[in-house]
Amino acid sequence: MTNILDTHVSAYQGNNIYDFDNEIQLKWYPTRVLEHAKGAKSLLELGLGHGITATTFSPHFKRHVVLDASPAVISNFQKRYPDAKIDIIECYFENFETEERFDIIVLGYILEHVDDPKLILEKFKKFLKPSGRIFITVPNAEVLNRKLGHLAGMLDNMQELSDHDLLLGHKRYYTVDSLKDDVESSGYHIENIEGIYLKPLTTRQMLSLKLHKNIIDALCQVGVKYPELSCGIFLEARLKIK
């Protein structure tokens with residue numbers, strides 16, 4: 001029987017116009033996690049995806065565990081990164097259990113995929129050390145280019161999923177407020193919220209400009225202070241003290 005998650009593997013194999021956006025975000029946010037997580041030794045990461053973040057994180061942690069329920073995505077990762085020193089566990093996030101506790105848990109572009117985001121947030125509290133931190137990234141419904149498209153009458157519904165979103169298996173977009181609500185109501189204290197990549201135009205328009213890497217980096221740096229308008233939302237939280 002085909003794993004339903006395997007049907008989305010083509011979105012993670014490269015050669016897609018949106019790889020431009022994905023690569024920018026997936027290379028940027030791990031650097032922010034590492035900046036905020038200095039001294040941490042263990043990392044639990046949910047999802048392999050494109051494999052970019054896993055291979056970025058791996059050299060910085062003594063213990064690095066990644067969960068993914070798609071055999072096809074895992075196989076794709078292992079073919080692309082055969083030397084990666086990562087403990088990959090094939091399972092659905094909802095079914096994962098361990099006695100191990102981690103310094104850092106990363107939910108990088110995960111909550112938009114799952115049926116019940118709050119169930120995941122609440123479940124994974126027990127895998128976090130008391131002093132640990134969770135880092136979450138999600139796509140932003142109100143990113144500047146979508147907001148401009150909406151105001152220009154080109155996008156009726158800011159929450160509308162694109163064909164590419166559906167190919168990736170996305171079920172929802174987030175806003176800063178909706179992400180904060182889910183995280184806080186799941187028992188976390190929010191430490192920090194940032195933006196990931198201030199994207200002013202559509203992907204095709206951005207590609208046509210052939211912007212220098214320094215400009216792309218600048219758009220990421222500017223986006224840190226503008227989560228409401230950035231392509232992705234980056235959130236850092238700790239367990240709420242009762």
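Biologist: Which exposed residues does the face of helix 9 turned away from its buried side carry?

Modeller: That face carries N214 and Q221. Please keep in mind that this is a predicted model.

Biologist: And which residues of helix 9 are buried?

Modeller: I216, L219, C220 and G223 are buried in helix 9.

Biologist: Why is R238 called partly exposed?

Modeller: Its relative accessible area is 29%. Buried means under 20% and exposed over 50%, so R238, at 29%, is partly exposed. You will find R238 in strand 7.

Biologist: How far apart are R238 and R133 in sequence and in space?

Modeller: They are 105 residues apart in sequence and 4.8 Å apart in space, C-alpha to C-alpha.

Biologist: How do you know which residues R238 is in contact with, leaving aside its neighbours within four places in sequence?

Modeller: Contact means heavy atoms within 4.5 Å. By that test, R238 is in contact with S131, G132, R133, Y188, H189 and E191, with neighbours within four places in sequence left aside.

Biologist: Now the interior. What makes a set of residues a nonpolar core?

Modeller: The residues must be buried ones of the listed nonpolar kinds, joined through side-chain atoms within 4.5 Å. The largest such core here has 30 residues, and L44, L46, I105, L107, F124 and I136 have the most contacts inside it. Among the elements that give two or more residues to this core are strand 1, strand 4 and helix 7. Strand 5 gives the most, with four residues.

Biologist: Which residues does L44 touch, not counting those up to four places away in sequence?

Modeller: L44 touches V65, L67, F96, F102, I104, I105, V106, F124 and F127. Apart from this core lies another, of 26 residues, among them V33, L43, F57 and I216.

Biologist: What about the second largest pocket: what is its volume?

Modeller: About 250 Å³. Of the 14 residues that line this pocket, the closest to its centre are F20, I24, K213, I216 and D217. Helix 1 supplies the largest share of the lining, five residues.

Definitions and conventions:
Residues numbered from 1 in each chain as written. Predicted model: local features only at pLDDT ≥ 70, side-chain atom pairs only at ≥ 80, totals over all residues. Heavy atoms only, no water. Buried < 20%, exposed > 50% of the residue type's maximum accessible area, 1.4 Å probe, protein only. 1 Å grid on protein atoms, 1.4 Å probe; cavity = no way out; pocket = protein on both sides within 12 Å on 5 of 7 lines; lining within 4 Å. Points joined across faces, edges and corners; volume = space filled by probe spheres on them.
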